[in-house]
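Here is a short report on pockets, cores and ring pairs. Please have the model open alongside the text.

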Amino acid sequence: MSAHPSEVLVAYVTVPSREFAESIGTSLVESGDAACVNVLPQVTSFFKWQGKFERYQEYVMILKTTREAYARMQSRILDLHPSDNPCILALPVADGSPAFLDWVEQATQVRNG
């Protein structure tokens, strides 16, 4: 079954430490909820939360998954993430290498048994 570009998603997630990024990422790949997870070096995030200006050092996770696997992935992230309201965004993929898109779809399929 060939992945259509609109079926593949890239998710953007921030976490407070590299350890959380690696733990969550490992869990998602092992479970098949994400085909691949990239952890980017520490970044500085600025935002207002509950009326207060915040500045945090965070790590960025970029995850490749499918629309079908996204709900499972998001649920697992919410279970594992230390924040009450984590940044979890899903972006549709407009196009990409057909072989890579097929691999993402195959890596995230639910297998019985």
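## A stacked pair

Tyr56 has a relative accessibility of 42%, so this residue counts as partly exposed. The model is predicted, so the value is computed from predicted coordinates. Phe47 is partly exposed too, because its relative accessibility is 30%.

The two rings pair up. Their centres lie 5.7 Å apart. The planes of Phe47 and Tyr56 meet at 20 degrees, so the pair is stacked; the cut-off for stacking is under 30 degrees.

## A tilted pair

A search of the whole structure gives three aromatic pairs. One of them joins Phe100 and Trp103. Here the centres are 5.4 Å apart and the planes stand at 45 degrees, which makes the pair tilted.

Both residues sit in helix H3, residues 98-107. Phe100 and Trp103 are three residues apart there, so about one helical turn separates them. Phe100 is partly exposed, with 37% relative accessibility. Trp103 is also partly exposed, at a relative accessible area of 37%.

## The largest pocket

How much space lies in the largest pocket? The figure is about 410 Å³. The lining has 17 residues, and those closest to the centre are Phe47, Tyr56, Glu58, Ser83 and Asn85. The stacked rings of Phe47 and Tyr56 are thus among the residues closest to the pocket centre.

By class, the lining holds nine nonpolar, six polar and two charged residues.

## The nonpolar cores

The largest nonpolar core has 16 residues. Which members touch the most others? They are Val13, Val15, Leu28, Met61, Leu63, Met73 and Ile77. Two or more residues come from each of E1, helix H1 (18-31), E3 and helix H2 (67-80). E1 gives the most, with four residues.

Take Val15 as an example from this core. Beyond its neighbours within four places in sequence, Val15 is in contact with Phe20, Ala21, Ile24, Glu58, Tyr59, Met61 and His81. Of these contacts, Met61 is listed with Val15 among the core members that touch the most others. Glu58, another contact of Val15, is one of the residues closest to the centre of the largest pocket.

How values were computed:
Residues are numbered from 1 along each chain as its sequence is written. This is a predicted model: local features need pLDDT of at least 70, side-chain atom pairs count only at pLDDT 80 or more; totals for chains, interfaces and linings use all residues. Side-chain values use heavy atoms; hydrogens and water are left out. On a 1 Å grid over the protein atoms alone, a cavity is a set of points where a 1.4 Å probe fits but cannot get out, and a pocket is an open set with protein on both sides within 12 Å along at least five of seven lines; lining residues have an atom within 4 Å of a point. Grid points are joined across faces, edges and corners, and a volume is the space filled by probe spheres set on the points. Ala, Val, Leu, Ile, Met, Phe, Trp, Tyr, Cys and Pro count as nonpolar, Asp, Glu, Lys and Arg as charged, and the others, Gly among them, as polar. A nonpolar core is a set of buried Ala, Val, Leu, Ile, Met, Phe, Trp, Tyr and Cys residues joined through side-chain atoms within 4.5 Å. Buried means under 20% relative accessible area, exposed over 50%, partly exposed in between (1.4 Å probe, protein chains only). Contact means heavy atoms within 4.5 Å. Rings of Phe, Tyr and Trp (its six-membered ring) pair if their centres lie within 6.5 Å; planes under 30 degrees apart count as stacked, over 60 as edge-to-face and the rest as tilted.
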